[in-house]
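User: Hey, I've got a structure open and I'm a bit lost. Could you walk me through it?

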Amino acid sequence: MGIYSKPVVLAIVAALVILTGTVVTVFVPMFMPSTQPPSGYVKPYTAIEQEGRDLYMREGCNNCHTQTVRPLRTEVLRYGEYSKPEEFAWDRPFLWGSRRTGPDLNRVGGKYPDSWHYKHMHKPQDMFALSNMPPYGWMAANKLDTSVSFKKTKVLGYGYTEEQVKQQIADYKAKVTAADYDSRETRDQVTPEALRGELTEMDAIVAYLQKLGRDVKEKAKEAGQ
Amino acid sequence: MKEDTGYDYSIVRGFAFSALFWLVVGLMIGLWMAFEMFNPALNITPWLSFGRLRVVHTNGLGVGFGMSGIFATAYYMLQRLTRTPLPFPKLAKAHLVVFNLAIAAAAVTLMMGMNTTREYAELEWPLDIGVVIMWVMFAINVFAILIKRQEKQMYISLWYLIAMTVTVAVLYIVNNLEIPVTLTKSYSLYAGGNDANVEWWYGHNIVGFIFTVPVLAMFYYFLPKATGLPIYSHRLSIVSFWSLIFAYLWTGAHHLMLTPLPEWIQTVAIAFSIFLIAPSWGSVVNGYYTLQGNWDQMRSNYLTKFFILGITFYGLQTLQGPLQGLRTLNAFFHYTDWVVGHVHMGTMGWVTMIISASFYYMIPKVSGRDLHSIKLANTHFWLILVGQLTWTITMWIGGIQQGAMWKATNPDGSLMYNFLDGLTSLYPYYKMRFAAGIVYFIGILIFSWNILQTVRKPAEAEA
């Protein structure tokens, strides 16, 4: 009964006991290729997509949306090809989620045009009267803050130069403000006039949503042709 | 009475009232969100939108209420079980202040959207550092009092408190390793599958070592105190303790069933989850047998029913959990409201029942007054029992319905329902859940009132 009268010994033994399962199931897998498989076809997020991802985190979208399609028949029917480990190589943190109040989003990229997302994010109830998703129209009234975009991509190890990040931002701004942008009309409807020539938080989150699953779909398309 | 022993009870009261405060705040936020689930018009500002509030609710109740309830009872049990006054009462006071500031800062920053999104570890890095400092302040008193103690043998409850102190530190630090970008933004050190694996190792075990381990410490201490009956088997408690803390850490991946995480980690988690039924039920059986021959106390002693119902919900929780972890059942239940019901049986049933009863026993002792009203305590008991059962059963039924609708196919193999069909079919359940939450909340208000009136009793109150 010695250990029950020696608090420090008990603490050390308890630490060893809890570390056993930890080492085997968490620490060892960190160094196994199966948890970080090579992913040549999965590209890192652009600076704008990353800003959108950060907004997705800020708004806690992960509390209602998952980002992992399970290998189940009805799930693949509903969302598309099931999720593979290599798809998430750049995801820090992961955003798989734990509850589906709303649908899974891992394959939402390319499913709808940008205009669909602008309209839906602005007020989901305008598209689906009975939806319980909060409206995010106010995001179009917030100018996108890109002051630390480069630093973010640097910390995340995306390998962009500062010039490249600036170019990505300029390119995306040019895209959504161009006269021939296919979702121009809807974007203008949801964006306050003063910000129509700028990048808004709404632009970034739409860019992020369109990235989800895009690389997988493109790879499948190439393989099919 | 305080002079007789030299024990520091002001810290116990301080944390007890922090617990009550965050309990009421956290439940109010919970009710607001429950309403948003069927009426999105309540998302009136970004600060009150569901995505931001959900983490305020979980942090506010899990940490704000749960942890302060644990600290209150821990400071009490540590002094009583070691027969030693708190070595550093000023440090404990600072701990109380730092703790409440951290929770308040957490609530505000989460509402502002500073959210790392890793469940139950959403705080940004400066607050993580604050939490670690807060924990060290607590741990110093824990180990100092244990080393200075005047009672040679350490009772079961102290083992559980030691295990909590050590494990929570390991979990919190490993899981929150992140690289800062700015003062309010950081990125996890881990990526993809590894990040998920680390997070759910943490997520599962932080629940285990906050909602199970220290609550068992309360159960093992306050049940014999409140009933006057010794724990049935010391040997069973030893076996349960070691097998519980050993097996718990292997099971996090049952939260990641059928995800891209390597299959062997999932399978190991399933196996250990099933094994965990044994040590969990070791404590349940120990509780039940403690009462053998004295079951009339369920009628005659108002505290006994809190403990017995509490441990019963713990028993059901620890059966339901491993079953949900099985691949086939998980494929059906995961991501539905079933899991929400599961969590709330543990928190609203087990955790709150035990903390309530511990407070009812402890607060009169530390304030030298009798409980204000046993009748109100009984009303509190029935309201939170009925509220919780209605709440969880509603969510289980809703979860089964949603899981079935997601899976349903037409004869030609196509999906029978679109996603929105599944969601809108749940609105009646969401309204029912809100109503159940109100009943529960009234029970909690009565509880808080009863405790408040107790310490205010003789005119010159000192709380």
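User: Which domains is chain A divided into?
Analyst: Chain A has domain 1 (2-31) and domain 2 (45-224). The bounds come from an automatic or database domain assignment. Before we go on: this is a predicted model, where local features need pLDDT of at least 70, side-chain atom pairs count only at pLDDT 80 or more, and totals for chains, interfaces and linings use all residues. Residues are numbered from 1 along each chain as its sequence is written, and chains are lettered from A and ligands numbered from 1 in the order in which they are written.

User: What separates the centres of those two domains of chain A?
Analyst: Taken over C-alpha atoms, 42 Å lie between the centres of domain 1 and domain 2 of chain A.

User: And how many helices and strands are in chain A?
Analyst: Chain A has 10 helices and 0 strands. Helices (H or I, at least four residues) and strands (E, at least two) are DSSP runs, numbered from the N terminus.

User: What's the radius of gyration of chain A?
Analyst: Chain A has 22 Å, while a compact globule of 225 residues would have a value near 17 Å. The radius is taken over C-alpha atoms, and the globule rule is 2.2 Å times the number of residues to the power 0.38. Along its principal axes, the C-alpha trace of chain A spans about 80 × 45 × 40 Å.

User: OK, now chain B. How many helices and strands there?
Analyst: Chain B has 16 helices and 2 strands. Its radius of gyration is 22 Å, close to the 23 Å that the globule rule gives for 463 residues, so chain B is as compact as a globular protein of that length. The C-alpha atoms of chain B fill a box of roughly 80 × 55 × 45 Å, taken along the principal axes.

User: How many residues of chain B are in contact with chain A?
Analyst: 66 residues of chain B are in contact with 65 residues of chain A. Contact here means that the C-beta atoms, placed from the backbone, lie within 7 Å. Helix α7 (residues 192-227) of chain B gives the most to chain B's side, with 8 residues.

User: What kinds of residues are on that side of chain B?
Analyst: They divide into 40 nonpolar, 19 polar and 7 charged. Ala, Val, Leu, Ile, Met, Phe, Trp, Tyr, Cys and Pro count as nonpolar, Asp, Glu, Lys and Arg as charged, and the others, Gly among them, as polar.

User: Switching topic: at what angle do α6 and α8 of chain B pack?
Analyst: Helix α6 (residues 156-175) and helix α8 (residues 234-248) of chain B pack at about 10 degrees, with their axes 11 Å apart. Axes are lines fitted to C-alpha atoms, for helices over the stretch in contact, and angles run from 0 to 180 degrees between N-to-C directions. That makes α6(B) roughly parallel to α8(B); angles under 35 degrees count as roughly parallel, over 145 as roughly antiparallel, 65 to 115 as roughly perpendicular and the rest as oblique.

User: Which residues make that contact?
Analyst: From α6(B) there are I156(B), W159(B), Y160(B) and A163(B), and from α8(B) there are S237(B), F241(B) and I245(B). They divide into 6 nonpolar, 1 polar and no charged.

User: How about α13 and α14 of chain B, at what angle do they cross?
Analyst: The axes of α13 (residues 337-367) and α14 (residues 374-407) of chain B cross at roughly 165 degrees and come within 7 Å. α13(B) and α14(B) are therefore roughly antiparallel to each other.

User: Where is R83(B)?
Analyst: R83(B) lies in the loop between α3 (50-82) and α4 (89-111) of chain B. R83(B) has a positive phi of about 50 degrees although it is not a glycine.

Key:
Contact = placed C-beta atoms within 7 Å.
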